[in-house]
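Take a moment with the model before reading on. The paragraphs below are meant to be followed with the structure in view.

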Amino acid sequence: MTALTARTGSPFAKLLSVASFVPSRVVDNAEMCTYIDSSDEWIQQRTGIAERRWVGEGENVETMALDAARTAVERAGIDGSELGAVIVSTVTYYHQTPSLAAKLAFQLGSTGAAFDISAACAGFCYGIGQAESLVRSGAAKYVLVIGVEELSRFTDIHDRGTAFLFADGAGAAVVGPSDVNGIGPVVWGSDGGQASAITQTVEWSEALEGGTTPYIAMDGRAVFKWASGFIADAARHVLDAAGLTPDQLDVFIPHQANNRITDAMLRSLKLPEHIVVARTIRQFGNNSAASVPMAMDQLLSTGEAKKGQTALLIGFGAGLVYAGQVVTLP
Ligand SMILES: CC(C)(COP(=O)(O)OP(=O)(O)OC[C@H]1O[C@@H](n2cnc3c(N)ncnc32)[C@H](O)[C@@H]1OP(=O)(O)O)[C@@H](O)C(=O)NCCC(=O)NCCS
């Protein structure tokens with residue numbers, strides 16, 4: 001066997017920036033109850049959602065992603081041409097191919113690697129896990145990770161089981177080299193045996209033939225059980241993998257699926273009272289791949305969380321899949 005040259009990158013990686021785009025259309029629970037038989041009280045009590053954001057005039061997956069990406073690159077203090085890789089996580093882009101990542105990379109002035117991933121609500125944490133490896137392996141110096149969704153387009157607004165949950169938005173972060181480690185080991189996995197828990201009402205081929213839309217179909221109870229049990233345990237493994245105990249954590253940013261799931265995780269993790277917990281689901285709804293970076297950006301911009309603090313991230317959703325890591329906030 002001929003020994004080949006191996007490449008190594010920075011010993012460590014960190015988040016250099018985070019940014020988000022919040023869509024303009026506010027859909028409150030009163031409007032939601034014109035589409036489904038429900039109430040503001042029921043929705044708030046079961047999920048914590050008071051209102052959600054949907055795309056407004058001129059906004060879509062591409063415009064939201066580009067806006068968040070441009071801000072993230074600017075905040076990282078680099079030029080778009082320095083991006084060695086662009087990773088987009090989305091399940092709501094309209095093109096199977098080419099990828100949204102390649103289009104965005106071009107618009108940002110990058111000729112680096114570009115690819116989309118499909119990991120639903122775990123997508124941003126999957127992307128950060130990949131970005132950290134790319135930086136440390138030397139495959140890329142700077143990696144842009146974007147989570148973007150236009151779930152309003154693929155949610156049946158008359159479905160009592162899903163309409164009130166899902167929303168739109170984008171978040172982005174730049175990962176780059178560091179002298180001190182700022183991204184803990186990713187803990188991730190899947191359970192394809194539960195694929196039917198969150199899926200589509202019809203396959204694309206059937207939808208095209210029948211002229212219908214493949215809406216999100218969800219077994220809410222199954223997802224709730226999995227997330228508040230298995231995922232709460234996974235969050236503890238994320239903390240262990242980073243070598244931390246709960247009292248060393250400053251901020252908890254779980255995927256904004258449901259406040260009751262967040263509460264179950266808090267009970268299971270036994271996090272100290274002082275920890276800042278992301279609850280952006282209240283005003284943004286569940287934005288899938290965009291929810292973790294949107295929540296992170298919101299906490300930092302309101303001053304609830306601060307640069308340099310230690311945050312536990314965990315995403316989980318359709319697949320079923322999950323991923324999480326501890327990060328130093330940018
Ligand atoms: C979706 C979810 C809020 C539904 O809550 P639930 O308690 O499981 O609801 P159920 O379907 O068991 O119904 C319970 C009751 O609420 C009623 N109900 C269901 N949907 C309702 C709605 N939109 N508005 C008002 N009442 C509703 C049902 O009719 C039922 O009433 P009954 O007890 O009189 O028969 C909950 O299952 C959940 O949060 N699951 C996790 C979903 C999630 O986080 N997904 C994202 C993962 S990425």
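What follows goes from the domains to the ligand and then to single residues.

This is a predicted model, in which local features need pLDDT of at least 70, side-chain atom pairs count only at pLDDT 80 or more, and totals for chains, interfaces and linings use all residues. Residues are numbered from 1 along each chain as its sequence is written, and side-chain values use heavy atoms, with hydrogens and water left out.

Start with the domains. The domain assignment gives domain 1 (12-178) and domain 2 (187-328). These bounds come from an automatic or database domain assignment. The C-alpha centres of the two domains are 14 Å apart. Domain 1 puts 47 residues into the contact, and domain 2 puts in 42 residues. Contact here means heavy atoms within 4.5 Å.

Now find the ligand. Where does the ligand lie relative to domain 1 and domain 2? Both domains give residues to the shell around the ligand, so the ligand lies between them. The ligand is surrounded by 21 residues, and the closest are Ser38, Arg46, Gly220, Arg221 and Asn258. A residue is near a molecule if one of its heavy atoms lies within 4 Å of it.

Which helices supply this shell with at least two residues each? They are helix 2 (40-47) and helix 7 (220-241). Helix 7 gives the largest share, 4 residues. Helices (H or I, at least four residues) and strands (E, at least two) are DSSP runs, numbered from the N terminus. By type, the shell has 12 nonpolar, 5 polar and 4 charged residues. Ala, Val, Leu, Ile, Met, Phe, Trp, Tyr, Cys and Pro count as nonpolar; Asp, Glu, Lys and Arg count as charged; the others, Gly among them, count as polar.

Look at the nitrogen atoms of the ligand. One is 3.3 Å from a polar side-chain atom of tryptophan 42. A polar backbone atom of arginine 160 is 2.9 Å from a ligand nitrogen. A backbone N or O atom of glycine 220 also lies 2.9 Å from a nitrogen of the ligand. Taken alone, the ligand exposes 960 Å², and the protein buries 72% of that. Such areas come from the Shrake-Rupley method with a 1.4 Å probe; for residues, only the protein chains shown count as cover.

Next comes serine 20, in strand 1 (residues 12-21). Its side chain makes a polar contact of 2.7 Å with the side chain of aspartate 297. A polar contact is a pair of N or O atoms within 3.5 Å; within protein, one must be able to donate a hydrogen and the other to accept it, and residues adjacent in sequence count only if both atoms are side-chain atoms. Beyond four places in sequence, serine 20 touches residues including Asp67, Ala170 and Pro293.

Is methionine 296 buried or exposed? Methionine 296 is buried, because its relative accessible area is 0%. Buried means under 20% relative accessible area, exposed over 50%, and partly exposed in between (1.4 Å probe, protein chains only). Methionine 296 sits in helix 10 (residues 291-302). Among its contacts beyond four places in sequence are Leu15, Val18 and Ile253.

Serine 288 is in the loop between helix 9 (281-284) and helix 10. Serine 288 counts as buried because its relative accessibility is 3%. Not counting residues up to four places away, serine 288 touches Ala120, Cys121, Glu149, Leu151 and His255.

Finish at glutamate 209, in helix 6 (residues 204-210). Glutamate 209 counts as exposed, because its relative accessibility is 74%.
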